[in-house]
Amino acid sequence: MAEITRESGGRGKSAARAGSFELKSRRLSLLGLVLHSADMAELAADWAERAGQGGFEHEPVVIDLSTLERPAAASEGQAALALDGPAPVDLRAIVDLLRASQLQPVAVAGATPQELALAHELGLADAADEPVAAIAPAEVREVVREVVREITVEKIVEKPAAPAPTMVVDKPLRSGQRVYAKGGDLVVLALVNHGAEVIADGSVHVYAPLRGKAIAGARGDSAARIYAHSLEAELLSIAGIYRTAENPLPADVAGKPAQVLLDGEKLLMQPLTF
C-alpha cells in the first residue's frame, strides 16, 4: 500500500506520484512541406492537382521555407523594388491551404525573423534544423616512427558503419496503427488496413493488400520504392512527393501487384508480374 503524507492543507498525497503532470521528450514522425515557390497562385494550383482537397487525417506538418529565394535587402536610404524580385511568402495563406486539406501545421523551418514572428502569431513553432556535421571520408593517417634505421608505417582505416537492419512485421495493422523503420527498409507480411501507416527511411514492401498509407524515403531518399501485392493505398509518398486517394489509381495497378517509384517530381506506378 502506498504511503500517505500530509500537507499543510490537510489533503492526502500519494508518495508514489511525483505530481499532476510530467514533461517528457517525444520523437514524432512529421510530414514536411518543402516550398520551391512563394507564388500562391502557382502553389494553390499545384496543390490541387497533386494533393487534392482531402485524404489526410490532421497529420502534423512542418512548413519548410529554407529553399525559397528571398528578395534582396534594400541598401541604406533606398527603398526595395519588388517588380522583378521573388514574391514574398504569404505564410497565413499557406497555413489556410494546409488546414483546408485536413493537415495541421505545427512549425516552420528556414524562416526569416519577420516570417518567424508571423509564424508565432499563427501558433507555429520554430523548427530550425540543427547544423548537420559533414561526414568526413575515412581518414588514412600515417604514423612514422624512426627506430635506428628502420621505419614503421601504420595505417589506420575506419570501417563503415553497419547498415540498419530491415524491420519485419507479420501481423495485420489496424486503423490508427503506425510502424516506422528508421534508417532501413520495412517488410509487412500481413494486411495494412485503411487508416494504418507504414513508414520507412528506405523502401516499403507489403506482401498483402495495402489499403492504408505508405511512406517510403521518409528522410529524403529518392531511390526508395513501395512494393505491394495488392495496391489499394489511400496515400502514397516517396521522399516528400505525395499522391492521395483523391486521384484514383491507374486501372493496370489498382488492386494488383505493383511498385511505386519516383520519376523526377512525380510518382510512377508500374504493374508487377510474378
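Begin by selecting R178: at 41% relative accessibility, this residue counts as partly exposed, where buried means under 20% relative accessible area, exposed over 50%, and partly exposed in between (1.4 Å probe, protein chains only). The model is predicted, so local features need pLDDT of at least 70 and side-chain atom pairs count only at pLDDT 80 or more, while totals for chains, interfaces and linings use all residues. Residues are numbered from 1 along each chain as its sequence is written, and side-chain values use heavy atoms, with hydrogens and water left out.

**First stop: the partner of R178**

Which residue forms a salt bridge with R178? Select E197; the closest N and O atoms of the two are 3.1 Å apart. A salt bridge here is a side-chain nitrogen of Lys or Arg within 4 Å of a carboxyl oxygen of Asp or Glu. R178 lies in strand β10 and E197 in strand β12, 19 residues apart. E197 is buried, with a relative accessible area of 10%. Helices (H or I, at least four residues) and strands (E, at least two) are DSSP runs, numbered from the N terminus.

**Second stop: the sheet around these strands**

Now display β10, β12, β14, β16 and β17. In this order the five strands form an open sheet with mixed pairing; two strands pair if DSSP finds at least two bridges between them. The edges are β10 (178-181) and β17 (241-244), each of which pairs on one side only. From one strand to the next, the twist averages 5 degrees. Within the sheet, β12 (residues 197-200) and β14 (residues 213-216) run parallel and are joined by three bridges. Select I199 to find I215 of β14 standing opposite.

Is K213 buried or exposed? At 2% relative accessibility, K213 counts as buried. K213 forms a salt bridge with E59, the closest N and O atoms being 2.1 Å apart. This pair links distant parts of the chain, since K213 is in β14 and E59 is in β4 (residues 59-64), 154 residues apart. E59 is also buried, with a relative accessible area of 7%.

Select D201 and R219, whose side chains meet in a salt bridge (3.1 Å, N to O). D201 belongs to the loop between β12 and β13, and R219 to the loop between β14 and β15. D201 counts as buried at 9% relative accessibility, whereas R219 counts as exposed at 59%. In the loop between β14 and β15 (226-231), select A218 as well. Leaving aside residues up to four places away in sequence, A218 touches Y180, I199, A200 and D201, contact meaning heavy atoms within 4.5 Å.

Select α1 (residues 40-50) and α2 (residues 91-100). Their axes come within 11 Å and cross at roughly 10 degrees; axes are lines fitted to C-alpha atoms, for helices over the stretch in contact, and angles run from 0 to 180 degrees between N-to-C directions. That makes α1 roughly parallel to α2, a term for angles under 35 degrees. M40, L43, A44 and W47 of α1 make the contact with A93, I94, L97 and L98 of α2.

Notes
Angles under 35 degrees count as roughly parallel, over 145 as roughly antiparallel, 65 to 115 as roughly perpendicular and the rest as oblique.
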